Amino acid sequence: MAAKKYVYFFGSGRAEGTARMKDLLGGKGSNLAEMTNLKIPVPPGFTISTEACVESMKLRGKFPAGMWTQVEKNLAKLEKAMGLRFGDRNAPLLVSVRSGARVSMPGMMDTVLNLGLNDQAVEGLARRSQDPRFAYDSYRRFIQMFSNVVLDISIKYFEEILEKRKRERGVELDTELTTADLQEVVRRYKALVRERRGREFPQDPRQQLRQAVGAVFGSWNNPRAIKYREIHRLPHTWGTAVNVQAMVFGNMGERSGTGVAFTRDPGTGEKRLFGEFLMNAQGEDVVAGIRTPQSVEKLRQVSPKAYQELDRICRRLEKHYRDMQDVEFTIQDGTLFLLQTRTGKRTPTAAVRMAVDMQREGLIDKRLAVLRVDPHQVEILLHPMLDPKAKVERVARGLPASPGAAVGQAVFTAEEAEAWAARGEKVILVRAETSAEDVGGMHAAQGILTARGGMTSHAAVVARGMGKPCVAGCGDISISEAERSFLVKGRTVKESDWITIDGTTGDLMLGRLPLIQPELSGDFARLVKWADDFRKIGVRTNADTPTDAAATMDFEAEGIGLCRTEHMFFVEDRITAMREMIVADDAEGRRKALAKLLPMQRSDFKAIFERMKGLPVIIRIFDPPLHEFLPKTAHELQSLAADMGIPLERLERKVQALVESNPMLGHRGCRLAITYPEITEMQASAIFEAACQMVKERKKVLPEVMVPLVGTVEEFRHQRAIIDRVAAGVMRKSGVKVPYQVGTMIETPRACLVSDEIAAEAEFFSFGTNDLTQTTFGFSRDDAGKFLPQYIEEGILQDDPFISIDEQGVGELMALSVRKGRSARKGLEVGICGEHGGDPRSVEFCHRTGLDYVSCSPYRVPVAKMAGAHAALKEKVKITVLGEK
Ligand code: PEP
Ligand code: MG
């Protein structure tokens with residue numbers, strides 16, 4: 001039986017793969033194949049498939065049968081295409097060995113450059129390049145990289161040797177070392193390998209290749225790659241492809257160089273060639289962020305021919321892929337080569353602008369434009385900005401590497417960032433430069449500040465991908481990691497000091513500046529409008545005040561899905577009346593206090609109804625446990641007793657009586673309203689009096705009254721009877737009729753199980769998934785923070801169920817409830833008002849489960865709308881554009 005095909009060649013204008021073979025060849029491999037087929041100058045090579053990696057993992061690191069024979073065959077083909085031979089003393093072939101998964105995982109896995117060099121080949125390279133120094137520099141870089149990636153010897157030992165040689169020679173820069181110095185360095189490097197590994201550095205290029213391929217396969221499972229996949233929710237089963245490609249050299253002198261370019265500006269979305277390059281350098285020098293590169297614009301002067309060709313190729317690639325591309329290029333002695341193209345990562349602002357621009361340019365249609373913008377990214381667009389009214393004193397300016405403003409306490413290592421964030425602190429991670437090991441800390445931080453590195457440095461790329469504000473290359477700060485501080489303009493900022501960064505401008509400020517929420521306008525508003533045309537699921541808001549109601553209308557939501565009335569009670573004069581009600585000893589006393597609250601509630605409801613202009617407004621009856629309204633400390637209690645004119649002991653007795661072991665599972669929700677029916681009476685009066693006034697003023701109004709925390713139909717029936725009675729009374733008295741509905745929250749498992757009984761009497765359902773998650777898991781929503789991070793870290797739970805709906809458990813109960821509810825009441829209106837209503841994945845789940853709407857905070861409305869559109873479009877659009885899955 002013929003062995004499975006594991007190796008795919010590209011070169012000499014033809015490739016065995018295409019861009020559609022991402023799963024098999026990885027992003028890099030499939031795009032190298034596609035570019036080859038497009039006759040774009042790509043150094044030839046071959047790709048070993050992800051399937052080979054997966055099988056090799058199963059075989060505990062052994063290559064699958066037949067794979068190596070195919071590698072040998074393709075190597076021969078490559079030698080022929082290049083007119084060079086592996087290990088040859090005159091014309092040696094050198095290759096790069098790079099990882100390449102289905103989706104790009106920048107810097108997470110391993111790469112080896114200059115593979116094929118040995119004691120003979122280095123001489124051949126010296127002769128062919130007529131530059132022995134270059135040849136020995138390449139050899140020393142190769143030994144260093146190979147030893148690190150394959151033989152697992154720390155880079156630091158190699159750096160020590162290099163530094164020592166520089167000291168011995170009394171020079172400062174690597175470039176000042178001569179050929180003879182580098183030959184000596186190579187000798188010492190090899191001795192180091194012998195000493196550390198007990199064997200010689202491998203001289204046989206085939207053995208080098210075999211080991212490097214094995215190491216790159218293995219790097220799929222290195223800790224930082226695993227962490228990256230966890231953060232980005234990528235399956236661990238994919239494996240990586242390996243690309244073996246003929247080397248071209250950007251470090252062959254001043255007519256050579258290397259860089260990265262984007263077909264549009266990944267920060268703003270502007271249509272222009274954007275990027276950075278370094279002359280006389282290898283690719284790693286650009287992305288590592290150690291030398292600060294020049295803007296690609298400058299290439300126009302430095303190498304006009306290469307610039308023009310790069311510009312032409314970039315335009316061609318973008319048109320072909322119909323999306324912004326991020327390319328890596330090398331200029332070898334004046335000739336341009338493309339080493340990679342991939343869909344470029346972009347900031348949320350750029351994503352929106354590009355989607356709208358490309359639709360206008362006819363590259364993509366509206367559906368694709370909507371799908372191009374990840375709803376999670378939109379959320380970032382609604383992230384805080386510096387309040388323009390704030391007095392801002394900039395102390396330093398770096399590169400605006402990833403937009404948005406962030407405020408936090410300075411920390412200096414990724415581990416600290418993670419540890420502090422786990423304790424609920426807001427931190428800014430401050431680093432000289434970031435590396436792949438810092439990903440976890442970057443994720444945990446509010447923002448990232450680095451002293452070195454350009455717009456395409458690791459920090460910038462990763463931060464943009466995560467949507468974290470980032471200021472990179474801020475050369476005005478000098479960091480001492482040992483002392484956990486940095487110096488800026490003569491001032492020392494220590495660990496835990498507050499700082500503010502603005503990733504949109506690159507500014508650094510000291511202290512804690514005020515941030516504001518941006519609004520919906522321009523391209524963003526246009527895109528959200530398109531999303532409205534595609535989505536099926538409605539979007540309402542959780543809005544408690546007239547101001548929230550105004551924001552609801554600004555964001556063009558379709559109603560209020562949850563008005564938590566108790567939030568209005570915390571305001572000055574209301575809390576006094578509320579406390580009087582709590583302290584009262586009997587219903588009579590409570591009624592008296594509630595009578596004071598009634599006009600305030602009425603006017604709040606009226607103001608909300610006015611703003612909502614007849615859209616549905618769900619008002620929930622009082623829900624929290626009463627102790628939340630009383631102060632806690634002895635001092636506060638003393639002054640409250642004095643204010644209320646009652647003896648301290650009486651107040652203390654009351655507080656004592658309200659203590660519960662599990663207040664979130666205790667005397668709250670409809671349980672409280674059943675024991676204190678006068679609360680529901682007052683609230684229903686306020687709602688219907690406000691609504692009747694609206695009708696009298698000939699204004700539209702649609703109140704929906706909601707009962708919380710129901711577990712049995714009897715609880716609902718009890719409350720509904722009060723609400724209906726009060727409604728009838730108010731309408732009779734005012735002589736007008738108001739259309740209204742009475743429904744319930746579904747936030748206990750029992751309510752889900754008896755949803756048919758409840759729906760027979762309730763006119764609508766709204767899932768309170770905060771409580772439903774609490775009661776389904778049996779996790780206290782107030783205490784879960786103590787163990788959930790560890791659960792997620794250890795993979796016991798994939799996600800925090802209070803953020804994203806646990807589809808298997810909570811979701812299953814919801815689906816059951818919808819089914820049962822609608823079996824009893826056809827067309828029953830069902831929504832969700834837990835925090836999950838603004839989480840894109842949960843919105844998609846709600847769409848699939850047939851909910852009528854989601855309700856979320858006003859600022860998340862665009863997120864929910866985009867997520868709703870994505871859910872609907874993904875159901876029917878088969879996306880056929882290259883580069884999309
Ligand atoms: C819920 O439980 O999901 C809900 C919306 O209500 P609250 O958070 O006010 O308990
Ligand atoms: Mg609740």
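In which crossing, left-handed or right-handed, does H30 pass H32? H30 passes H32 in a right-handed crossing, where right-handed means that the near helix is turned clockwise from the far one by less than a right angle, and left-handed anticlockwise. This is a predicted model, in which local features need pLDDT of at least 70 and side-chain atom pairs count only at pLDDT 80 or more, while totals for chains, interfaces and linings use all residues. Residues are numbered from 1 along each chain as its sequence is written, chains are lettered from A and ligands numbered from 1 in the order in which they are written, and side-chain values use heavy atoms, with hydrogens and water left out.

H30 (769-777) and H32 (residues 807-824) are helices (DSSP runs of H or I, at least four residues) whose axes lie 10 Å apart at an angle of about 115 degrees; axes are lines fitted to C-alpha atoms over the stretch in contact, and angles run from 0 to 180 degrees between N-to-C directions. In contact (heavy atoms within 4.5 Å), residues of H30 including Leu772 and Phe777 meet residues of H32, among them Val810 and Leu813.

H30 also gives the most to the shell around ligand 1, with three residues. In total, 14 residues surround ligand 1, each with a heavy atom within 4 Å. The table gives polar contacts (N or O atoms within 3.5 Å).

| Residue | Polar atom | Distance to an oxygen atom of ligand 1 |
|---|---|---|
| Arginine 668 | side-chain | 3.3 Å |
| Threonine 769 | backbone | 3.0 Å |
| Arginine 781 | side-chain | 2.8 Å |

Conventions. Polar contact = N/O pair within 3.5 Å; in protein donor to acceptor, adjacent residues only side chain to side chain. Helix = DSSP H or I, 4+ residues; strand = E, 2+ residues; numbered from the N terminus.
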